Amino acid sequence: MTRIAIAMDKNNDKDFNGWLRRIIPLPKIISIQDIRFFNIYEIGVVHQLSPSPSLQTACNLLSRFAQSKNANPRFSIRLALNEAEETIISDLPGNDQAYAIEPQEDGLLLIGNTFVGLLYAALTLSQIIGD
């Protein structure tokens, strides 16, 4: 059984800095809130977006560790475009590429201002989880 975990002690600078070396480019804001363990077959990618090459690439990146075939997986990685005008990613420099990865009760929400931003969110999550 393959298990995926994002585990770090945010009070331990060595762990935190080691984790940060996995992510390129470095995010503007980082906050670690929880640690959870799941089988890759309990993690699914969910979206209701129109097809695009960037979206397909994002889904392919996430499918390495999100392999649930269930329509309602135990842990969901939801993909969405930012449609609110006033969000934290709306004001970032280069906001067409901006993204956020937000924890949810039953998974993660990956939000991009554009499909390219959404692709960068998937790439960052993929880099965090690693091989």
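Me: Why does valine 116 count as partly exposed?

Reply: In this predicted model, valine 116 has a relative accessibility of 33%. Buried means under 20% and exposed means over 50%, with partly exposed in between, so valine 116 counts as partly exposed. The residue lies in helix α3, which spans residues 115-129.

Me: What makes Val116, Tyr120 and Leu123 a patch?

Reply: Nonpolar side chains with over 30% relative accessible area and no salt bridge are joined into a patch within 5 Å. Val116, Tyr120 and Leu123 form such a nonpolar patch on the surface, and together they have about 200 Å² of accessible area. For valine 116, the value of 33% can be set against the cut-off of over 30%.

Me: Why is serine 54 called buried?

Reply: Its relative accessible area is 18%, and buried means under 20%; therefore serine 54 is buried. Serine 54 lies in helix α2. Leaving aside residues up to four places away in sequence, serine 54 touches Phe115, Val116 and Leu119.

Me: How do you know that the buried residues of α2 line one face of the helix?

Reply: The buried residues of helix α2 (residues 53-62) are Ser54, Leu55, Ala58, Cys59 and Leu62. Viewed down the axis of α2, these residues fall within an arc of 135 degrees, so they line one face of the helix. Their cover includes β3, β4, β6 and α3.

Me: Why is strand β6 described as largely enclosed by the rest of the structure?

Reply: Strand β6 covers residues 107-112, and six of its six residues are buried, so the rest of the structure largely encloses this strand.

Me: What makes β4 and β5 partners of β6?

Reply: Two strands pair if there are at least two bridges between them. Strand β4 (residues 75-81) pairs with β6 over six bridges in the parallel sense, with arginine 78 opposite leucine 109 of β6. Strand β5 (residues 99-104) also pairs with β6 over six bridges, but in the antiparallel sense. There, alanine 100 has isoleucine 111 as its bridge partner in β6. A hairpin of two residues joins β5 to β6.

Me: Why is the contact between arginine 74 and glutamate 42 called a salt bridge?

Reply: Side chains of opposite charge can pair when their charged atoms come close. The closest N and O atoms of arginine 74 and glutamate 42 are 3.1 Å apart, and the rule asks for a distance within 4 Å, so the pair is a salt bridge. The pair links distant parts of the chain, 32 residues apart: arginine 74 is in the loop between α2 and β4, and glutamate 42 is in the loop between β2 and β3.

Me: What makes arginine 78 and aspartate 106 a salt bridge?

Reply: Their side chains meet at 3.1 Å, N to O, and the limit is within 4 Å; therefore the pair qualifies as a salt bridge. Arginine 78 in strand β4 and aspartate 106 in the loop between β5 and β6 are 28 residues apart. Arginine 78, at 27% relative accessibility, counts as partly exposed, and aspartate 106, at 32%, also counts as partly exposed.

Conventions: Residues are numbered from 1 along each chain as its sequence is written. This is a predicted model: local features need pLDDT of at least 70, side-chain atom pairs count only at pLDDT 80 or more; totals for chains, interfaces and linings use all residues. Side-chain values use heavy atoms; hydrogens and water are left out. Buried means under 20% relative accessible area, exposed over 50%, partly exposed in between (1.4 Å probe, protein chains only). Helices (H or I, at least four residues) and strands (E, at least two) are DSSP runs, numbered from the N terminus. Patches are made of residues with over 30% relative accessible area and no salt bridge: like charges are joined within 9 Å, nonpolar side chains (Val, Leu, Ile, Met, Phe, Trp, Tyr) within 5 Å. Accessible areas come from the Shrake-Rupley method with a 1.4 Å probe; for residues, only the protein chains shown count as cover. The arc is that of the directions from the helix axis to the C-beta atoms. Contact means heavy atoms within 4.5 Å.
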